[in-house]
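Dear colleague,

Please find below the sequence and the structure that I am handing over to you. My notes on what was found follow directly after.

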Amino acid sequence: MINERLLFGGDYNPEQWPEEVWSDDVRLMKQAGVNSVTLGVFSWAKLEPRPGAREFGWLDRLMDLMHENGIGVVLATPTASPPPWMGKLHPETLPRDEDGRTVWWGSRQQFSHSSLVYRRYAAAITEDLAARYGSHPALTMWHINNEYCTHDWGDEAARAFRDWLRAKYTSTEALNEAWGTAFWSQRYDSWEEILPPRRAQYMKNPAQVLDFKRFTSDALLECYLAERDIVVRHTPHIPVTTNFMPFWTGQDAWKWSGHEDIVSVDVYPDPKDPWAGQYNAMIGDMTRSQAGGPWMVMEQAAGPVNWRGVNHPKPPGLNRLFSLQSVARGADAICYFQWRQSRQGSEKYHSGMVSHAGEHGRTFREVARLGADLARLAPEVAGAHSPSQVAILHDWESWWAGQQDGRPSVHVEYPEVVRAWHHALWEEGVATDFARPEGALGAYAVVVVPHLYLLTDAAIDNLLAYVRDGGTLVCGFHTGAADEDDRVRPGGMDARLRELFGIRTVQEWWPLDAGEAVECEGFRGTLWSEELEAAADAEVLVRYKGGELDGLPAVLRRGRAQYVSTLPEPEALRELLAGVTREAGVRPPLSGLPAGVEAVRRGAFVFLLNHGRDPVTVDVPGSHDDLLSGASIEGSLVLGRYGVAVLRP
Amino acid sequence: MINERLLFGGDYNPEQWPEEVWSDDVRLMKQAGVNSVTLGVFSWAKLEPRPGAREFGWLDRLMDLMHENGIGVVLATPTASPPPWMGKLHPETLPRDEDGRTVWWGSRQQFSHSSLVYRRYAAAITEDLAARYGSHPALTMWHINNEYCTHDWGDEAARAFRDWLRAKYTSTEALNEAWGTAFWSQRYDSWEEILPPRRAQYMKNPAQVLDFKRFTSDALLECYLAERDIVVRHTPHIPVTTNFMPFWTGQDAWKWSGHEDIVSVDVYPDPKDPWAGQYNAMIGDMTRSQAGGPWMVMEQAAGPVNWRGVNHPKPPGLNRLFSLQSVARGADAICYFQWRQSRQGSEKYHSGMVSHAGEHGRTFREVARLGADLARLAPEVAGAHSPSQVAILHDWESWWAGQQDGRPSVHVEYPEVVRAWHHALWEEGVATDFARPEGALGAYAVVVVPHLYLLTDAAIDNLLAYVRDGGTLVCGFHTGAADEDDRVRPGGMDARLRELFGIRTVQEWWPLDAGEAVECEGFRGTLWSEELEAAADAEVLVRYKGGELDGLPAVLRRGRAQYVSTLPEPEALRELLAGVTREAGVRPPLSGLPAGVEAVRRGAFVFLLNHGRDPVTVDVPGSHDDLLSGASIEGSLVLGRYGVAVLRP
Amino acid sequence: MINERLLFGGDYNPEQWPEEVWSDDVRLMKQAGVNSVTLGVFSWAKLEPRPGAREFGWLDRLMDLMHENGIGVVLATPTASPPPWMGKLHPETLPRDEDGRTVWWGSRQQFSHSSLVYRRYAAAITEDLAARYGSHPALTMWHINNEYCTHDWGDEAARAFRDWLRAKYTSTEALNEAWGTAFWSQRYDSWEEILPPRRAQYMKNPAQVLDFKRFTSDALLECYLAERDIVVRHTPHIPVTTNFMPFWTGQDAWKWSGHEDIVSVDVYPDPKDPWAGQYNAMIGDMTRSQAGGPWMVMEQAAGPVNWRGVNHPKPPGLNRLFSLQSVARGADAICYFQWRQSRQGSEKYHSGMVSHAGEHGRTFREVARLGADLARLAPEVAGAHSPSQVAILHDWESWWAGQQDGRPSVHVEYPEVVRAWHHALWEEGVATDFARPEGALGAYAVVVVPHLYLLTDAAIDNLLAYVRDGGTLVCGFHTGAADEDDRVRPGGMDARLRELFGIRTVQEWWPLDAGEAVECEGFRGTLWSEELEAAADAEVLVRYKGGELDGLPAVLRRGRAQYVSTLPEPEALRELLAGVTREAGVRPPLSGLPAGVEAVRRGAFVFLLNHGRDPVTVDVPGSHDDLLSGASIEGSLVLGRYGVAVLRP
């Protein structure tokens with residue numbers, strides 16, 4: 001990414017500790033091979049203890065200390081967590097929730113994205129930080145805010161929402177048309193009547209809710225851009241990022257990532273999840289796709305987190321496995337929240353690189369080993385490309401629209417459907433990118449659409465062109481039902497899409513009850529089924545068996561466009577996609593791998609990752625070196641529990 | 001009902017569509033045999049786009065269009081859904097919930113029933129609608145508001161609640177006495193201290209909560225009556241209705257129905273419920289009983305609804321089956337929400353008579369077939385009587401009181417208990433009316449009381465007189481425990497009732513845990529049991545077996561009055577009630593029917609309805625015509641899946 | 001306790017009944033042997049119907065009536081339930097919840113503990129009550145308020161919380177340090193910025209939440225002390241109590257009990273709970289330990305309560321069994337809520353000593369029998385000591401701290417863990433006291449610590465000294481992790497504790513999923529496990545088997561200090577503690593008891609209690625009298641269902 005290095009380190013919040021601990025921190029950082037720390041994420045109240053005050057001395061000392069020890073600094077603007085005085089002095093900076101309740105200070109992130117007062121304070125502290133540290137030799141990157149995620153339904157947001165809507169629709173007539181306010185007597189006669197979708201008697205207008213989600217993502221983006229513009233003015237040469245949460249509903253990351261120099265993500269697989277490795281792979285694939293190249297793990301946990309109901313530690317080796325899995329998928333930075341585990345506050349049970357057990361604890365030993373691994377890989381791997389022939393289409397707007405009240409089934413969880421499709425391809429060893437429905441698809445042999453309820457006209461044009469130009473398309477259930485205003489397309493699915501797949505009529509959607517399955521020829525479907533009438537020229541691949549849909553098409557295709565009207569059980573989905581990708585000429589990096597072993601190509605190298613708890617022997621035709629162990633591999637190698645090898649041909 | 005016709009049609013919301021769609025609507029309506037549409041339910045913001053404005057042109061055109069095509073109009077007052085400007089201009093018209101949260105616009109029904117401003121606007125638009133269309137030849141009926149259901153705990157409601165209480169109790173002393181405020185130091189010294197039962201530290205006063213539910217139903221009734229009086233002044237000859245929700249807690253429909261010319265209901269059985277047919281029958285029986293004769297299905301769904309967690313479509317034939325089942329039980333109108341399925345807004349996934357699939361879709365084909373059926377039946381069936389010899393007593397006030405905090409068991413769901421008893425009789429082929437506890441019962445051979453926790457003195461007198469005059473009474477658990485102020489009657493059950501059934505002492509109620517059953521001689525009881533001491537002259541029919549109540553009476557009687565102190569499992573309850581009704585001389589219209597086949601008498605006809613998914617042969621002694629198919633039936637006939645025949649002797 | 005009597009009676013709320021019922025009450029009280037009633041708990045609105053008014057006449061008559069009939073009066077200050085006029089006139093006396101919602105009147109306990117207005121009114125009515133009845137001959141005890149439990153997050157509480165914090169910390173610097181506000185930018189620059197922990201975006205500062213719980217308990221204690229000081233001024237000779245709720249989170253009863261002359265508790269075992277007897281025993285042991293001698297059951301239920309989801313009656317005999325079990329554990333008063341079951345209000349389905357079934361009902365018959373039993377026991381048993389050789393350490397502050405957001409597992413319910421340990425000892429027949437971590441422990445042969453997450457330095461010193469002086473200590477999982485500011489101790493567990501138990505490193509806590517178990521040598525652990533490294537001189541008693549912790553220590557000890565890093569399944573915990581107590585020389589009062597039979601020593605007597613529903617024969621070596629039946633016991637006796645005998649040697 002930068003300097004052909006792999007960054008290794010994490011959030012460093014030294015204001016929690018007396019200064020005598022800092023030198024010990026540096027000693028251990030060097031021992032672990034840490035070359036990058038993030039400073040300042042939660043420092044606003046320390047930097048600006050009262051309105052307009054500035055306390056930079058402690059940060060000066062830290063920047064110098066890092067520089068003296070060869071550790072780069074990712075400097076954060078502290079604007080995610082305003083000091084208590086701001087809410088006290090300016091109550092209008094506090095968000096209000098859907099029910100009108102004030103969101104008070106005493107935790108973090110208590111700011112309204114639309115508050116001009118908040119934005120003014122945020123700009124001022126950002127300006128002063130950039131002015132003071134822009135030329136500091138330790139500075140390597142800007143980290144704007146942190147995990148943008150606040151919502152606001154209050155009067156500040158109402159004003160900003162109206163401005164956003166006026167810019168989008170120009171006239172209330174256009175807004176009324178787009179929102180379908182003729183129904184339920186919701187017509188707005190003036191802009192002033194429009195509110196965020198607050199607590200109401202019954203279901204809220206779904207197009208209003210959708211626009212409010214768009215607005216919220218955009219309002220947060222405005223906050224980001226305002227700060228980014230300030231730091232770029234001071235340091236045009238220093239890259240800027242903000243850390244995404246993984247597969248998070250609140251930000252349209254496709255839209256945001258274009259405004260970042262480096263895309264970074266916080267990723268926290270649950271160690272107890274048997275498919276945590278697939279989850280980590282999916283977030284990596286998605287973030288790389290947003291980045292269009294190397295990306296950063298800005299936060300992960302060396303051990304347990306503290307925000308699940310039950311917070312499981314990582315067993316020995318798992319932290320290394322997931323970290324190297326991310327590197328395999330294009331990450332050029334492996335960072336943690338946080339360097340030293342807190343002794344106080346809300347995150348004291350979130351692990352750190354230095355855990356409560358300290359430098360002699362297992363966690364730090366494993367962190368230090370990983371630091372050495374990354375140092376070994378960096379010269380060869382940093383900056384290299386992780387290629388894919390298959391794209392999974394994903395879209396925030398469709399996700400948002402699909403969550404509306406009054407939909408066919410509350411059991412359809414968009415991220416779970418996407419995950420099921422990614423999982424099928426991941427288990428099959430097929431590398432995947434994520435792509436947006438309107439994006440360039442020509443480079444992909446196969447495009448899959450797990451479930452895009454909403455598709456814009458441009459997206460439909462894009463899909464049609466892709467197939468027309470020789471691409472293979474596989475599409476999941478309830479796709480293309482609505483346009484960008486969440487207006488149901490005539491016939492319940494866009495007519496051109498129906499024609500593409502060979503569907504004459506969508507009679508009804510038949511969502512399934514929780515735990516219910518529907519029999520199809522050769523497998524069982526879950527979650528959803530559809531009552532379809534096939535067109536004369538369609539090829540019905542699989543029919544429903546028994547039940548109300550007996551004999552009707554479950555999977556059908558016309559040419560290279562295939563439609564899957566249910567969610568096949570995992571093994572069936574895997575086989576279905578294996579067949580399609582094989583037919584389209586897609587090949588995994590290595591074939592014949594034992595169960596649980598993943599092979600990922602990055603640049604000239606193949607990463608072999610054993611997700612199993614038992615050692616396995618892997619056949620690797622030809623001769624290779626293992627970059628990690630330095631060993632020569634002839635024909636086969638043994639991977640231990642959670643073991644990794646990086647093969648150089 | 002009117003004109004010896006069966007009305008067929010539905011809510012028509014053409015303001016959602018460009019006018020060019022209207023002529024297509026008319027074409028399809030005629031194709032389907034539609035003879036009635038409901039206009040204006042959600043049109044307030046279109047009719048009155050800003051305070052005092054009037055936009056009638058579009059409605060003029062629609063009224064004329066309907067008339068030109070022979071389609072009658074049920075004209076709705078649009079007052080269920082005020083325009084956004086009303087809340088903006090008059091925030092006091094918005095309801096507040098129990099927690100003091102404002103219920104904003106952006107959905108529907110955001111009005112406080114007690115707001116004088118809301119009522120003034122509602123009266124004005126009603127006045128102008130009645131003046132303008134009262135003499136329009138298309139007008140056949142008034143439909144006031146829609147599904148009255150709003151609550152308000154705010155200051156407007158507080159004022160009105162105090163007025164209502166002052167009228168009921170005259171003095172605070174009487175109120176304190178009725179509410180039992182001597183307990184927990186709740187004594188009110190002045191009317192001004194009294195509030196709706198808002199969020200509190202612990203359980204709320206149950207008599208206050210009960211009065212608040214009475215008040216809420218009455219406040220809504222006042223809204224209804226105000227509008228009804230206006231339209232009646234303009235059009236004394238035009239019948240007036242408002243559509244009830246089925247078995248809905250918010251309105252005391254016994255009290256309301258006396259103020260309607262025609263009683264109508266919205267009924268939405270869940271197609272996935274294996275007993276959806278029984279549910280539809282129960283709502284029909286209840287609505288007919290409120291109407292005292294023919295009634296209307298004002299709304300049902302041609303396919304799925306959109307407000308359940310999972311919204312199941314109707315399989316082929318089910319819509320017709322349920323519609324004809326309602327006709328069999330006295331409905332003279334089969335209408336839908338809504339004519340054409342929306343493409344936008346909160347109900348776009350609620351089906352329409354014309355679904356998203358359009359005129360060639362399965363849904364519309366089935367609707368059109370039903371239209372033809374109804375046209376065939378109308379001349380013979382409309383207005384005819386559906387007789388019953390058995391009454392089920394039901395009472396809103398008892399339901400309300402029984403829901404209080406601090407009751408013996410939260411698992412007793414009043415509607416489920418009533419449904420269990422109706423189900424038992426329905427499966428047995430016994431036609432039932434619903435009646436109020438204080439109503440005339442003399443015409444019934446058997447009266448059953450599933451569970452009336454609260455019984456007024458008048459109701460008890462009525463039951464005693466009924467038995468004294470030769471009636472057979474069967475009473476379920478926890479009945480007659482409280483008086484009309486929710487004051488527990490001495491001994492835990494009214495002394496005269498105890499004497500009636502032969503109960504000497506009610507020692508304790510023993511509610512059962514969820515899923516728990518109690519053994520009785522010959523069956524298992526669910527939900528509830530009682531520790532009773534029988535009187536010397538009681539006949540103990542069934543005793544508890546084992547457990548803490550071993551050997552104590554579970555079912556006992558004195559003469560023709562029987563008490564069932566638990567809820568027998570379905571088959572046991574069916575046998576119990578079969579025995580009682582047979583003994584009392586009650587006979588089903590046809591005997592020896594195959595499982596799943598229902599026979600219902602209406603006028604001279606017997607409707608045969610197959611609720612099963614397989615064809616069955618039904619023996620029908622003698623010769624009949626089938627009004628639907630026109631076929632002659634000699635001795636037996638075959639009913640297909642969801643098949644229906646209407647036999648004329 | 002007083003007068004060598006056992007008090008018997010209950011809350012008496014005669015203001016619910018016409019005066020003619022009062023004489024009937026007295027007749028039945030005498031029939032049942034009632035010698036004490038509590039008056040006035042909910043009488044504020046009757047005593048002070050409007051601000052400043054006084055209506056004492058009815059209470060004068062009642063005090064005289066009781067006195068004339070030899071029934072003592074526990075007189076309550078009525079301050080738990082302010083009259084409606086107070087909230088109306090002074091809205092600031094109403095609490096606000098965490099979300100800012102007002103807690104209205106219409107229930108009970110709607111007062112802010114921090115409201116000066118409330119406190120002024122409460123002091124005035126207390127003053128007048130004490131002045132009027134201080135010398136009344138019926139008065140035997142003062143009962144201050146009732147079940148102190150209100151919370152307030154509003155502005156009144158904010159002001160008082162700041163005062164409390166200022167007194168504790170003196171400077172904001174010290175507060176910032178203690179709360180760890182350097183993290184998440186929470187630093188407070190002035191006292192005025194500090195709030196109660198109100199609704200926030202994410203997790204709240206755990207030290208702030210902990211201090212707010214301390215403050216709330218202290219604010220309620222201030223309310224209590226203010227009233228206590230008034231009555232003591234008038235009647236220094238009359239004892240004062242306030243009734244605790246059992247094992248209740250809201251009050252630090254260790255701190256409170258020192259301010260009471262008599263400690264009393266309200267105890268409501270669920271009759272359906274198969275271990276209700278153990279629960280009743282635990283509350284008795286805990287209350288006796290707070291009292292340091294005889295104590296009171298201020299409230300229990302003669303039959304069902306009304307606040308559970310399903311409220312089960314007590315089967316015949318259970319009320320007597322639990323009452324005598326409490327006497328065995330040191331109770332000198334057996335009282336009920338309430339004398340006569342209400343017919344109105346929120347508690348009409350809570351049983352009374354006189355149930356709805358009245359004097360001929362089973363409940364009253366059993367109450368009267370118990371009254372006779374207690375009269376028989378009183379001369380011998382009242383005031384006698386119930387000895388224990390084992391102490392269970394329990395601490396409110398640790399409980400509070402352990403409930404914080406962001407902890408390792410939400411499944412750890414502190415009271416359930418304590419209950420599991422008490423249960424193990426109870427089943428083993430070992431008598432237990434409860435003690436505070438900083439309390440005197442020298443008298444105990446064994447001290448057990450089920451789970452004390454937070455331990456102060458003083459508590460750790462205390463434990464170390466206890467072991468050093470020859471005591472045996474057994475400590476459960478996740479103990480000693482935090483200091484009194486909820487700061488994690490270095491290494492995740494205090495270093496001296498680690499040394500005490502022989503633990504070198506606490507690598508990670510491994511909480512278990514719901515329902516998950518972890519295999520150990522010889523048993524299965526639940527809820528929690530730990531990754532520990534044993535010190536060289538530790539004795540590993542049990543190791544984990546299989547899973548991620550295979551071979552690591554599950555139970556270890558050094559000398560007489562043992563650490564149990566999981567929650568063994570019940571039978572295993574019982575065996576573990578049986579071994580430890582036996583080894584330490586602890587002996588139950590009687591050995592070889594049949595299952596379900598409990599033996600408890602009080603003074604010279606041994607109570608034998610059969611918790612089973614079948615009669616059992618119990619071997620009792622030697623000759624005894626049974627105080628209850630008067631029978632002579634030679635070698636063995638038969639206890640019937642729920643039977644009790646009190647053996648005099």
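**A parallel pair and its sheet in chain C**

In chain C, strand β13 (residues 472–475) and strand β20 (residues 561–564) run parallel and are joined by three bridges. Within this pair, C:V474 has C:Q562 of β20(C) as its bridge partner. Helices (H or I, at least four residues) and strands (E, at least two) are DSSP runs, numbered from the N terminus. Two strands are said to pair if DSSP finds at least two bridges between them.

Both strands belong to an open sheet of seven strands in chain C, in the order β11-β10-β12-β13-β20-β19-β18, with mixed pairing. At its edges are β11 (432–435) and β18 (539–543) of chain C, each of which pairs on one side only. From one strand to the next, the twist averages 20°; for such angles, axes are lines fitted to C-alpha atoms (for helices over the stretch in contact), and the angles run from 0 to 180 degrees between N-to-C directions.

**How the model was made and how it is numbered**

The model is predicted: local features need pLDDT of at least 70, side-chain atom pairs count only at pLDDT 80 or more, and totals for chains, interfaces and linings use all residues. Residues are numbered from 1 along each chain as its sequence is written, while chains are lettered from A and ligands numbered from 1 in the order in which they are written.

The average pLDDT of chain A is 97, and 100% of its residues score at least 70; pLDDT is the predictor's confidence in each residue, from 0 to 100. For the model, ipTM is 0.97 and pTM is 0.97.

**The sheet in chain A**

Chain A also has an open sheet of seven strands, with mixed pairing and the order β11-β10-β12-β13-β20-β19-β18. Why is one side of β11 and of β18 in chain A left without a neighbour in the sheet? The strands β11 (432–435) and β18 (539–543) of chain A stand at the edges with a single partner strand each, so one side of each has no neighbour there. The twist in this sheet averages 20° from one strand to the next.

Inside the sheet, β19 (residues 553–558) and β20 (residues 561–564) of chain A pair in the antiparallel sense over four bridges. One of the residues involved is A:R558, whose bridge partner in β20(A) is A:A561.

**Two annotated domains of chain A**

UniProt, in an unreviewed entry, lists "domain: Beta-galactosidase trimerisation" at residues 389–586 of chain A. Over this range the chain is 27% helix and 27% strand, and the end C-alpha atoms are 7 Å apart. The UniProt record, again an unreviewed entry, also places "domain: Beta-galactosidase C-terminal" at residues 596–648 of chain A. Here the chain is 0% helix and 68% strand, with end C-alpha atoms 21 Å apart. UniProt positions are given in the numbering used here, feature names are shortened, and annotations may be inferred rather than shown by experiment.

Strand β24 (residues 616–626) of chain A is joined to β25 (residues 632–639) of chain A by eight bridges, and the two run antiparallel. In this pair, A:H624 stands opposite A:I633 in β25(A). β24(A) and β25(A) form a hairpin with five residues between them, and A:G630 in the turn has a positive phi of about 80°. Two bridges also join β24(A) to β26 (residues 644–648) of chain A, in an antiparallel arrangement, where A:D626 stands opposite A:L647.

**How the chains meet**

Contact between chain A and chain B involves 45 residues of chain A and 51 residues of chain B; two residues are in contact if their C-beta atoms, placed from the backbone, lie within 7 Å. On the side of chain A that touches chain B, α8 (206–234) and β14 (503–509) of chain A each supply at least two residues. The most comes from β14(A), with four residues.

**How the copies are related**

A rotation of 120° with 0.0 Å of shift along its axis superposes chain A on chain B, with an RMSD of 0.0 Å. Copies are superposed by least squares on the C-alpha atoms of residues with pLDDT of at least 70 in both. In chain A, the C-alpha nearest the axis belongs to A:R101, at 5.0 Å.

Yours sincerely
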